[in-house]
Amino acid sequence: MAKAKTTVFFCQNCGYESSKWMGQCPACKEWNSFVEERITKSSKDTKARIRDTVALPITEVKSEEHRRKSTGIKELDRVLGGGLVNGSLLLVGGDPGIGKSTLLLQVCKNLAANGTKVLYISGEESMQQIKMRADRIGEFSTKLSLFCETSLTLIEETIAHEKPEVVIIDSIQTMYGEEVNSAPGSVSQVREATNTFMQIAKGQGVTIFLVGHVTKEGVVAGPRVLEHMVDTVLYFEGDRHASYRILRGVKNRFGSTNEIGVFEMRQEGLREVENPSEFMLEGRPKDASGSVVACSMEGTRPILLEVQALVCQSNLGIPRRTTVGAELNRVNQLMAVLEKRAGFHLGNCDAYVNIAGGMRMVEPAIDLAIAIAIVTSYKDRVMQEGTICFGEIGLSGEVRSVTMAEQRVREAAKLGFTRCILPASNCKNLPVVEGIEIVGIASVRDILSLCTK
Ligand SMILES: Nc1ncnc2c1ncn2[C@@H]1O[C@H](COP(=O)(O)OP(=O)(O)OP(=O)(O)O)[C@@H](O)[C@H]1O
Ligand SMILES: [Mg+2]
């Protein structure tokens, strides 16, 4: 078969393709990221293949009930939308050492225990290293096989021979195809490898998990195209210094993407955290100014977390503002609203906002908590013990209603909170929840009147 060889340059950061070398990538603006890669276009016999497949009216396509397989880890099942779908291709991304291999090995253990044939392919670790991790996790069944290899051809052969139902590839950046003349981990290799696995997944109905490394910006290394090619993208994240880990669905062709799963890293592997709110609120200071508990929805699950702020006079020309876990722009905007609409002179104040526990929250419903934390810190006032709040703040200083108010209030009551500050417009159709006082707030001007001391 005639093979046409071409040389192209790829941006190793975003996958941008160019016929000549460039200093700066026009797509992602990264400098010095272009690397020459030779791609061999083998003119495969696609014409012959196309003849077998025909177009069908949609009404004639049989709807196949996607049977889902439980992974035995409830938190993971929730993020997947109820379990694994046969023949799907999943990408699990995360920082180095966050616990991707541990999570997937635990999935292997559960699946194998239920009689599913699983093949774990590692290009990074030796069999002994995987065994060491397995010994930490527990007893394994013979249904799980290990294979240490990086060559795509050999892996394809092994999968065809072993006929597993679930395959784990750890990691996609170590795989290489002989047809592509560039180093493993480069854009064209990653693309080639993903393509190969996609064909195996769709063609043979094998569920494949791909592990992907992330760059310092926090996206899966190599090309963004990787995310387009797979069915589900999960990110495993967490604070290096805290023991909990969060699994977040970023893309899911078979379920919602709003769900998160919370885990704790232990000696014996990852343990599910069933009540993350309790976990997040541990060690919270009592009667401290600038600290308030907020309720944020992560998918269908309410999570309570502590929002802290420290506001002090600035000695700098441009006040310093930093955030951990919250969006800096949002905090700047809220401070401007508080200044203009409620008359607090925050313009020359430094502000540090922190979501305790290292959780990253982007839901607008935590606006009110951030505003209360800033105001109480600035005025050195304290919120009554057992108060929780949620609400979105608009540019006119109005507190706007948020969705799922009832679930949030119930979660707060369940955890022993006695007072809930929420948007006045949400109060109207809220049923009475026992043990919790409901306080409606309409504007940021009313924040101070709700403080006790
Ligand atoms: N004995 C232990 N007790 C508690 N935690 C441990 C123990 N051994 C390892 N860990 C945790 O497991 C993590 C490593 O997990 P794992 O190898 O699954 O990560 P990974 O995401 O696959 O990393 P990589 O990107 O290098 O493949 C360590 O960072 C550490 O937090
Ligand atoms: Mg690993």
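Lys202 and Asp231 form a salt bridge in which the closest N and O atoms are 2.6 Å apart. This pair ties together distant parts of the chain: Lys202 belongs to helix H6 (residues 187–204), while Asp231 sits in the loop between helix H7 (225–229) and strand E11 (232–237). The two residues are 29 residues apart. Their surroundings can be compared through relative accessibility. Lys202, at 44%, counts as partly exposed, whereas Asp231 has a relative accessible area of 2% and is buried. Buried here means under 20%, so the value of 2% places Asp231 in that class.

The model is a predicted one, and this salt bridge is one of 21 that the structure holds.

Before turning to other pairs, consider the chain as a whole. The protein chain has 453 residues, and buried residues make up 49% of them. Its secondary structure comes to twelve helices and 23 strands. The C-alpha trace spans about 80 × 55 × 50 Å along its principal axes. Among contacts with a separation of 6 or more, 67% are between residues 24 or more positions apart.

Glu237 in strand E11 is paired with Arg248 in strand E12 (residues 244–252), eleven residues apart in the chain. The N to O distance in this salt bridge is 2.9 Å. Are Glu237 and Arg248 buried or exposed? Both are buried. The pair also belongs to a network of salt bridges, which links Glu237, Arg248, Glu298 and Arg360.

A salt bridge can also lie within one helix. Glu75 and Arg78 form a salt bridge with the closest N and O atoms 2.7 Å apart. Both residues are in helix H2 (residues 74–80), and because they are three residues apart, about one helical turn separates them. Glu75 is buried, with a relative accessible area of 2%. Arg78 is partly exposed, at 29%.

The next topic is how helices pack. Two packed helices are described by the angle between their axes and the distance between the axes.

Take helix H3 (residues 100–113) and helix H4 (residues 127–137). Their axes come within 10 Å and cross at roughly 65 degrees. H3 and H4 are therefore roughly perpendicular to each other. The crossing is right-handed. On the H3 side, the contact involves Ser101, Thr102, Leu105, Gln106 and Lys109; on the H4 side, it involves Ile130, Arg133, Ala134, Arg136 and Ile137. Sorted by class, the contact of H3 with H4 has four nonpolar, three polar and three charged residues.

A second pair is helix H9 (residues 328–342) and helix H10 (residues 367–379). Here the axes come within 10 Å and cross at roughly 60 degrees. That angle makes H9 oblique to H10. The label follows because angles from 65 to 115 degrees count as roughly perpendicular and those under 35 as roughly parallel. H9 passes H10 in a right-handed crossing.

Which residues in H9 and H10 meet? From H9 come Arg330, Val331, Leu334, Met335 and Leu338, and from H10 come Asp367, Ile370, Ala371, Ile374 and Val375. By class, this contact of H9 with H10 has eight nonpolar, no polar and two charged residues.

Notes:
Residues are numbered from 1 along each chain as its sequence is written. Chains are lettered from A and ligands numbered from 1 in the order in which they are written. This is a predicted model: local features need pLDDT of at least 70, side-chain atom pairs count only at pLDDT 80 or more; totals for chains, interfaces and linings use all residues. Side-chain values use heavy atoms; hydrogens and water are left out. Axes are lines fitted to C-alpha atoms, for helices over the stretch in contact, and angles run from 0 to 180 degrees between N-to-C directions. Helices (H or I, at least four residues) and strands (E, at least two) are DSSP runs, numbered from the N terminus. Angles under 35 degrees count as roughly parallel, over 145 as roughly antiparallel, 65 to 115 as roughly perpendicular and the rest as oblique. A crossing is left-handed if the near helix is turned anticlockwise from the far one by less than a right angle, and right-handed if clockwise. Contact means heavy atoms within 4.5 Å. Ala, Val, Leu, Ile, Met, Phe, Trp, Tyr, Cys and Pro count as nonpolar, Asp, Glu, Lys and Arg as charged, and the others, Gly among them, as polar. A salt bridge is a side-chain nitrogen of Lys or Arg within 4 Å of a carboxyl oxygen of Asp or Glu. Buried means under 20% relative accessible area, exposed over 50%, partly exposed in between (1.4 Å probe, protein chains only).
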